[in-house]
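I opened the notebook to record what I looked up in this structure, entry by entry.

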Amino acid sequence: MTRLADHAARLRALTELDSTLLVEAAAGTGKTALMAGRLTMLLARGAEPRSIAAITFTELAASALGARVHRYVDELLAGRVPEPLQPALPNGLTDAQRQALSAAADKLDELTATTIHAFCQTIICSYAVEADIDPGARILDATHAEAAFDAVFEQWFRRRLNGPARADDPIAALSQYDPHHVVGTLQALARFRLEHRDAHTPPADLSGRPDIDLVDAVADFRR
Ligand SMILES: Nc1ncnc2c1ncn2[C@@H]1O[C@H](COP(=O)(O)OP(=O)(O)OP(=O)(O)O)[C@@H](O)[C@H]1O
Ligand SMILES: [Mg+2]
């Protein structure tokens, strides 16, 4: 087994469990392994899995981190010390650590390894009433969101065109005026409103009085 040049720093990250540390390292040098190792060491110290929140930036990183903690716990309980944990456990687990880890292994699913947005979503959903949101609300990825938007738009449009339309209904008027492009026009408008939630029509210019001008012109003409 080779002793890495940054052995002391790795040991610190695996054992100084009550400090806040910033680890910066190049790609592929073992950051995820170190973080998974730190989480495993927390569990071996008796931390409850549900009291740990491991937050990552991407979903891929979150699932890789969670999987790695599971693997390290399994390996350690099987009597092997994964290489990234060697600095902290050169002689394997103590009895107390083994006991704590095997208790944690039964409820490892309670450990949170997730992205920032999924973590916030979980918190917000548990306060759905206070946050005034649907408790079943969930985050859609871009493709699903796009499909959902199109489906909702189509349902809404069908509903609007079904049944008797009021004479002044702008959508019925637009359908009559430009039947070939009405769907595209409304879709473009809906997307515009999606991207600019507070967009509204520009206020009417009431500085002049074209109505009075018109009435005067008609009166003139009549005279
Ligand atoms: N201390 C270590 N000793 C030996 N191998 C290690 C050690 N730490 C990590 N590795 C191995 O190196 C590889 C890369 O590790 P890891 O994925 O943790 O790196 P990373 O810094 O998170 O990479 P990335 O920048 O891609 O996220 C893995 O195969 C891992 O098992
Ligand atoms: Mg990584």
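**Entry 1: M41**

I started with M41. Leaving out neighbours within four places in sequence, I found M41 in contact with L14, T15, L17 and A88. I noted that this is a predicted model. M41 sits in helix α2. Is M41 buried or exposed? M41 counts as buried because it has 21 C-beta neighbours inside 10 Å, and the cut-off for buried is 20 or more. I then took one C-alpha to C-alpha distance: M41 and T15 are 7.3 Å apart in space and 26 residues apart in sequence.

**Entry 2: the nonpolar core**

Next I looked up the largest nonpolar core. It has 21 residues, and L43, V69 and V73 touch the most other members. Which elements give two or more residues to this core? I listed α1 (7-15), α2 (31-44), α3 (59-77) and α4 (95-105). The largest share comes from α2, with eight residues.

I followed L43 further. Not counting residues up to four places away in sequence, L43 touches P49, V73, A100, L101 and A104.

**Entry 3: R45**

I moved on to R45, in the loop between α2 and β1 (53-56). I counted 15 other C-beta atoms within 10 Å of R45, so R45 is partly exposed. Which residues is R45 in contact with, leaving aside its neighbours within four places in sequence? They are L17 and A100. A100 is also among the residues that L43 touches. L17 is also on the contact list of M41.

**Entry 4: the ligand shell**

I then listed what surrounds ligand 1. The shell holds A25, A27, G28, T29, G30, K31, T32, A33, E83 and P84. How do these residues divide by type? I got four nonpolar, four polar and two charged.

E24 is in the loop between α1 and α2. E24 is exposed because 6 other C-beta atoms lie within 10 Å, where the cut-off for exposed is 12 or fewer. I also checked E24 against L108. They are 84 residues apart in sequence, and their C-alpha atoms are 27 Å apart in space.

**Entry 5: D132**

I looked at the backbone of D132. Its phi is near 55°, a positive value in a residue other than glycine. Most residues other than glycine have a negative phi. Where is D132 placed? I found D132 in the loop between α6 (128-131) and α7 (142-161). D132 counts as exposed, because it has 7 C-beta neighbours inside 10 Å.

**Entry 6: T185**

I turned to T185, in helix α9 (residues 182-195). How many other C-beta atoms lie within 10 Å of T185? There are 13, so T185 is partly exposed. Leaving aside neighbours within four places in sequence, T185 is in contact with L174 and D178. For L174 I noted the C-alpha separation too: 9.3 Å, at eleven residues apart along the chain.

**Entry 7: domains**

I checked the domain assignment. It gives domain 1 (7-130) and domain 2 (140-223). How far apart are the C-alpha centres of domain 1 and domain 2? They lie 54 Å apart.

**Entry 8: the whole chain**

Last, I took the overall figures. The secondary structure of the protein chain comes to ten helices and two strands. From the N terminus on, the order is α-α-β-α-α-β-α-α-α-α-α-α. Why is the protein chain more spread out than a compact globule? Its radius of gyration is 31 Å, well over the 17 Å that the globule rule gives for 223 residues, so the chain is more spread out than a compact globule. Along its principal axes, the C-alpha trace spans about 110 × 40 × 35 Å.

Buried residues make up 14% of the 223 residues. Of the contacts with a separation of 6 or more, 68% are between residues 24 or more positions apart.

Note on methods
Residues numbered from 1 in each chain as written. Chains lettered and ligands numbered in written order. Predicted model: local features only at pLDDT ≥ 70, side-chain atom pairs only at ≥ 80, totals over all residues. Near = placed C-beta within 6 Å. Nonpolar A, V, L, I, M, F, W, Y, C, P; charged D, E, K, R; others polar. Domains from an automatic or database assignment. Core = buried A, V, L, I, M, F, W, Y, C linked by C-beta atoms within 7 Å. Helix = DSSP H or I, 4+ residues; strand = E, 2+ residues; numbered from the N terminus. Contact = placed C-beta atoms within 7 Å. Rg over C-alpha atoms; globule rule 2.2 N^0.38 Å.
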